[in-house]
Every structure is written in structure tokens, then in C-alpha cells.
Amino acid sequence: MTAALLRRAATAALLAGALLAGGCATVAPGDGQPEPAPYAANPVDPWERWNRKVFAFNEAVDEAVLKPVAEGYRKVVPQLVRTGIGNVLGNLYDVWSMANHLLQGKVHHGLDMGMRVLTNTLFGLGGLLDPATEMGLVRRSEDFGQTLGRWGLPSGPYLVLPFLGPSSVRDGVGLLADRQVSPSDLPDREAARYGVTALEVVHQRALLLGTTALVDQVALDRYSFLRDGFLARRRDLVYDGAPPLAPMEDFDDFDDEDDTSPPADGAKRDDAKPATPAPGTQTRPPAPAPATRQ
Amino acid sequence: MLKRLFTVLAMLATLVLPLGTAYAEGTPDALVRRISVDVIDTAKTDKAIQAGDLNRILALVEDKVMPYVNFEVVTRSAVGPQWRGASAEQRTKLQTEFKTLLVRVYAGALSELGDQKVEITRTQPVPGSSQVVVQSEVRGKGEPIKLDYRLDKAGESWKIIDVNVGGLWLVQNYRTQFAQEIGRGGIDGLINTLVERNKNAGKS
């Protein structure tokens with residue numbers, strides 16, 4: 001019991017430390033003055049300098065330990081067993097998703113998720129199989145960060161958590177709640193809890209192997225690619241896949257909205273402000289950001 | 001006489017062809033439905049694709065999807081205001097390299113899909129523009145994956161200008177990275193980075 005409390009306290013301290021350090025990182029250089037540095041330009045990521053450091057640390061840990069272990073897991077453990085592990089963990093996460101649906105007032109989805117858990121537990125050998133999906137009870141995961149977002153809490157600045165990766169202030173807090181009811185809390189013995197946590201982490205990482213390989217190939221800057229991707233995805237999830245739509249900016253040679261007018265002088269139009277900003281980019285000027293390659 | 005016939009035919013062609021394409025393309029969701037059914041059906045029957053042959057998937061995307069993409073709009077949207085100052089040659093290069101990169105992203109995402117079904121959920125006009133977003137869900141074993149298409153009219157027909165995978169608009173997501181590269185080395189710096197990126201990705 002005390003050990004469990006200690007573990008939670010440690011997680012909390014880790015998160016709080018990250019928050020605090022993140023906060024310090026902005027204050028330290030110029031006492032609240034805007035940083036002259038390359039990263040000051042982005043309002044969604046005021047702690048970029050600090051975040052990039054944690055990101056580099058996470059990448060190193062991933063490269064040295066987590067990725068090789070996940071690759072080994074994928075090689076050694078047969079697909080069928082991995083699917084089973086995924087189903088059991090997923091069935092447990094579904095319980096928390098149901099709670100979050102209900103907390104957000106989405107009774108219909110909440111009941112669906114409840115039915116999923118019942119079906120898979122009773123007819124799916126305790127969650128090992130996933131007959132619910134076959135029956136059309138689609139999994140729609142929700143975490144507490146999404147619930148907080150639904151309640152109107154803005155995501156706050158982007159935050160890279162040590163070991164845990166991309167997050168935001170809101171989702172960091174959400175994660176703290178999520179971990180209180182994670183599958184790793186089920187076993188009685190402390191060692192088993194760490195075992196379950198390790199399995200969760202490795203399993204998740206193994207699922208992402210294809211994705212991270214793809215990111216390696218297509219990102220010009222992994223840090224900004226993952227940051228913008230993470231923030232966009234979380235926003236989308238908070239809106240259940242239907243965020244308010246904004247037009248995509250176009251930078252043609254013509255005057256805005258008028259395709260029949262003659263082309264303007266390209267050089268003169270360089271600093272022209274488009275009339276309609278796209279989502280997530282409205283406040284982000286295309287400012288120079290030199291020396292950000294890692 | 002023959003010349004006259006040609007003129008008449010040419011006139012007819014200019015009159016009929018745009019109508020013809022407009023009719024064939026129909027509504028944006030019909031276009032998206034046709035493309036996704038086409039792509040998924042081919043992916044299901046093609047042994048090489050099922051074995052994860054990325055070159056085959058690239059060919060499939062090039063074949064079935066690219067003709068319906070307005071790549072100039074895509075490129076200049078990702079490049080941002082600097083596009084207006086770029087020379088014709090720079091623009092062509094940007095377009096070629098970005099296309100190579102995007103086809104790889106889309107093909108990579110496609111190769112992650114297994115035995116799936118695409119369901120078009122709804123079509124929404126984007127307020128304050130002529131754009132339309134067609135939303136779809138890819139359903140398979142796990143959680144459904146959101147796959148949305150943003151389209152705009154190019155002349156008479158609808159063309160895709162952005163794709164959203166799992167909440168992420170692919171083209172728009174490149175703008176910040178492009179701005180970083182342009183800030184560092186101008187348009188040519190961005191072109192060089194893209195060329196390098198494509199070379200390296202081709203190797204692995």
C-alpha cells in the first residue's frame with residue numbers, strides 16, 4: 001500500500017518536475033522578457049527550448065532501450081499472443097473509456113463501451129478475444145485529458161514529458177488521473193505491477209514501430225512534426241473527430257478570393273496577410289527558426 | 001472541308017468535355033468513394049501489396065489517387081507566403097519533391113492498414129470558402145481510423161487538396177517545418193532538404 005502510494009508520488013513528482021522545469025525554462029533567460037532565441041515564435045510551444053531537450057533525451061532512451069525491446073517483443077512473441085495481450089489490456093482500458101464517456105455526458109457511447117466490456121469479458125474469455133468488435137460495438141477510447149478538454153479546459157502549452165513523450169499541460173494532468181486506474185493497479189504484488197506497466201509500455205511501443213519508421217522517413221524536423229501532429233490529433237479527439245472546420249490557406253498569385261484578377265508582383269506580396277487562417281496556424285507567423293535541427 | 005469538320009469537332013469537344021468531366025466526377029463524396037473503393041479493392045487483390053511491397057503501393061497511389069489531387073494548391077499551401085516570391089523553376093522543383101514525399105506518407109499510412117472497410121460518414125462545406133471536407137472512417141480490427149479528404153473546385157472538377165489521417169491534416173502539418181527550413185536557407189534551402197529527405201527515404 002505504502003509502496004503504491006510512493007509509486008504514485010514518484011509519478012506525480014516526475015510530472016510536477018517537468019512542469020516546474022518547463023516553467024523555469026521560460027523565466028530563466030530574460031525574466032519574462034520575450035526570448036530572442038529561435039524558438040520564441042511559436043505560441044503553442046513557449047517551452048520549446050526545454051521541450052527539445054527532453055525530446056532528445058526521450059529519443060536517446062527509445063533508441064537505446066525501448067525500441068530494441070519492442071522490436072524483440074514483436075519478433076519473439078507470436079502475433080496471436082500479441083493480439084491477445086492487446087485485447088486484455090484494451091478491455092481494461094475500455095472500462096476507463098466508458099467512465100470518461102459518461103463524465104462527458106455521452107451516455108450512448110458510454111453504454112456501448114460498457115456493453116463491449118461485458119461482451120468481451122463474458123464471451124471473450126475474460127477479454128482475451130474481442131467478439132464485441134465483430135458485433136459492431138466499435139471501440140472508441142477516451143482518456144481523462146479528453147474529458148478535461150470536453151469540459152472546456154484548453155490544452156495549455158505543449159509539454160514533452162520525460163519517458164512519456166508528447167503531451168500538454170492539460171493532458172499531463174489527465175495522464176495522472178488515467179494512471180490511477182490503469183491495468184497495472186490490478187495485481188496485489190508490487191513486482192507484478194511493475195511487470196504489467198512494463199508490458200503496457202512495450203506493447204504500446206511495438207504497435208507504434210511502423211508509425212515511427214514512417215515519421216523517420218517523412219519528417220523534416222521530427223520534433224515539430226510530432227508536436228504539430230500531437231496537438232492536432234488531441235484537438236480532433238476532444239471534438240470526437242469533428243472539430244470546427246476552417247479553410248485551408250492558399251497562397252496563389254492572385255488577390256484573395258478573386259481568381260480573375262491579374263497576378264500580383266510576387267516580391268511585393270511576400271508579406272501579404274492571408275484573410276483566412278487555417279486551424280492551428282492562425283497565430284503562427286512563418287518566422288525564421290534557424291539552428292533547430294537536432 | 002476536313003478543316004471545318006475539325007473545327008466543329010474541337011468546338012464540340014471544348015463544350016462537351018468540361019461537362020463530361022463534371023458529370024463523371026459528380027459530387028465530392030462520390031469522387032472520394034470511388035477513389036477509396038478503387039484503392040482498397042486493388043490493395044485487397046494485389047498479392048505484392050499485401051506482402052507489403054512499398055513500391056507497388058507507391059505505384060497504386062500514383063495511379064489511382066494522384067490524378068485527383070491538385071498538387072499546385074497542395075504545395076503552395078505548405079510553402080506559405082514565400083511561394084509568391086519563388087521562381088517558376090523553384091516552384092516546379094518544390095512541387096516534384098513534395099509530391100514524392102507526400103506519396104510516401106500516404107502510401108506508408110496505407111500499408112499500415114490491413115483488411116479494412118471504408119465508410120464515408122459525412123460531407124461538410126468549409127465555412128467561408130468553396131472547400132468541402134469528406135469524412136470517412138476506416139474500420140478494421142482495432143479502433144476506427146479517421147480518414148478525411150479536403151477538396152476544392154479546380155475549374156469544373158473537384159480535386160483533393162489535403163488529407164487528414166487520424167486528426168492530422170498532412171499538408172498543413174508541413175507548414176511549420178517548411179517555414180523553419182525557409183527561415184534557415186530560403187526556398188533553395190527547403191528544396192535541398194526535401195531532395196535529401198527523399199534520397200535517404202528511397203534507400204531504406
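Hi everyone. Let me start with a definition: helices (H or I, at least four residues) and strands (E, at least two) are DSSP runs, numbered from the N terminus. What we have here is a predicted model, where local features need pLDDT of at least 70, side-chain atom pairs count only at pLDDT 80 or more, and totals for chains, interfaces and linings use all residues. Residues are numbered from 1 along each chain as its sequence is written, while chains are lettered from A and ligands numbered from 1 in the order in which they are written.

So, chain A. Reading from the N terminus, its elements go α-α-α-α-α-α-β-β-α-α-α-α, which comprises 10 helices and 2 strands. Of its 294 residues, 30% are buried, where buried means 20 or more other C-beta atoms within 10 Å of a residue's own, exposed means 12 or fewer, partly exposed is in between, and C-beta atoms are placed from the backbone. Two residues are in contact if those backbone-placed C-beta atoms lie within 7 Å. Among the contacts in chain A with a separation of 6 or more, 62% join residues 24 or more positions apart.

Let's pick one residue. Glu134(A) sits in helix α5 of chain A, residues 131–134. Is Glu134(A) buried or exposed? It counts as exposed, because it has 11 C-beta neighbours inside 10 Å. From Glu134(A) to Gln180(A) there are 46 residues in sequence and 30 Å in space, C-alpha to C-alpha.

Now the interface. Here 42 residues of chain A are in contact with 47 residues of chain B. On the chain B side, α8(B) gives the most, with 11 residues. By class, that side has 15 nonpolar, 19 polar and 13 charged residues. For the classes, Ala, Val, Leu, Ile, Met, Phe, Trp, Tyr, Cys and Pro count as nonpolar, Asp, Glu, Lys and Arg as charged, and the others, Gly among them, as polar.

Last stop, strand β3(B). Of its 10 residues, 7 are buried, so the strand is mostly covered. Strands pair if DSSP finds at least two bridges between them. With β2(B), residues 132–139, β3(B) pairs antiparallel over 7 bridges, and a hairpin links the two through 5 residues. Thanks, everyone!
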